[in-house]
Amino acid sequence: MKDAPKGLRLHIAVLGRCNVGKSSLLNALCGQDVAIVSATPGTTADPVEKTLEMAPLGPVVFLDTAGTDDTGELGGLRAGRSLAAMTRADLALLVTDSPSWGPYERDLAARLKEQEIPFVAVRNKADQPGSMARPKGLSDEVPFVCVSAYSGQGLDAVRAALMTAAPEGALRQPPLASDLLPDKGVLVLVTPIDSGAPRGRLILPQVQTIRDSLDGRKICLVVTEAELPAALRCLKKAPDLVVCDSQVVHAVDRHTPEYIPMTTFSILMARFKSDLTCLVQGAATLRKLRSGDSVLIQEACSHHAQKDDIGRVKLPRLLQKMAGGGLRISIAAGKEFSGYSGDCKAVVHCGGCVITRGQMMARLHAATRAGLPITNYGVAISLAQGMLPRVLAPFPEALRAYEDACCL
């Protein structure tokens, strides 16, 4: 768990007004000074992330935020960043030091409820006289804990409350590919080594798939596309599944007989991180784009764009070719997300390897509420390459949904 990537960790936001002890509580829970503590309002500016192994939850990321009642021009910006960070949370601690559940707490609680983020109400400074009572106006349905970040009183109760409030399924990860294979099944992974491959390491979806196959007690063979034919000849029987990078899907298809199931890392990630059926339905609408339509390409991380960058270069080129040119394409990047607006006809999202499933599902739900079809890079690339039915074959339900959407 120590090296679990952030995208596989439960994200817990620490929210509340200025100077209620959010940073002090975070430091106490972490057992170290990860956030600056001061009586001066506005000490916390941008949200602070801290990864931690916290029993009994396991690997988590805490998000310490500025007070949502911060004032002034700069204070308003800090408060805005806190509300934006809320969208990255799977779970929240709503901290107060007041005997009453006031308007700021009610507003935060309403926002969390709207975004379906479970939360625990925490009254800090329990070491002070009269600070152990449940705040007036706080619903009995909301989990509540009294704590003293200063003395450590109640910290175990906070951890236990988080464990109870954690969304169902948040503490276990679904399989990536191992459930698609029989006992001791053989998995062949095709990983191209090109200018986009990080030197000295594999990209995260490839590493996750390897680990998933090992955890599932499968037999995993990793090759580049050039060595795939030799690898298939070396095997005494056909592999149970071939998984490749979307960029080499044609080359892999040429060397992989039709009777061998085949898919891509992006398709696996689409199922792992979000709703594959929703994404393939969104992909079907890309076939209807025409000149003048607007498409949003969305990335969950910020990175240095290379000359053959998938999101900035390759994907726009493929989309333009599908539409016959003239598409208006915009780019949005970053973990923070506030919703969709404007006149775009579709959203093409990255695989979401650096964000959690909850964060990715929130983006899917936001697109659905806005009436926007949404898909991801790998699904869109396989569609543009005419390979989507082939790589969806291991997922019959998703394949049927795609075929039905194409008929609409």
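Lys125 is partly exposed, with a relative accessible area of 24%, where partly exposed lies between buried (under 20% relative accessible area) and exposed (over 50%), with a 1.4 Å probe and protein chains only. The structure is a predicted model, in which local features need pLDDT of at least 70 and side-chain atom pairs count only at pLDDT 80 or more, while totals for chains, interfaces and linings use all residues. Residues are numbered from 1 along each chain as its sequence is written, and side-chain values use heavy atoms, without hydrogens and water.

The side chain of Lys125 meets that of Asp97 in a salt bridge (2.9 Å, N to O), defined as a side-chain nitrogen of Lys or Arg within 4 Å of a carboxyl oxygen of Asp or Glu. Asp97 is likewise partly exposed, at 24%. A further salt bridge joins Glu105 to Arg17, with the closest N and O atoms 2.5 Å apart. Glu105 is buried at 2% relative accessibility, and Arg17 is buried at 16%. Through shared partners, salt bridges join Arg17, Asp97, Glu105 and Lys125 into one network.

An open sheet of four strands has the order S12-S11-S13-S14, with parallel pairing; strands (E, at least two residues) and helices (H or I, at least four) are DSSP runs numbered from the N terminus, and two strands pair if DSSP finds at least two bridges between them. The edge strands, S12 (328-333) and S14 (374-376), each pair on one side only. Strand S11 (residues 294-299) is joined to S12 by six bridges, and Ile297 has Ile331 in S12 as its bridge partner.
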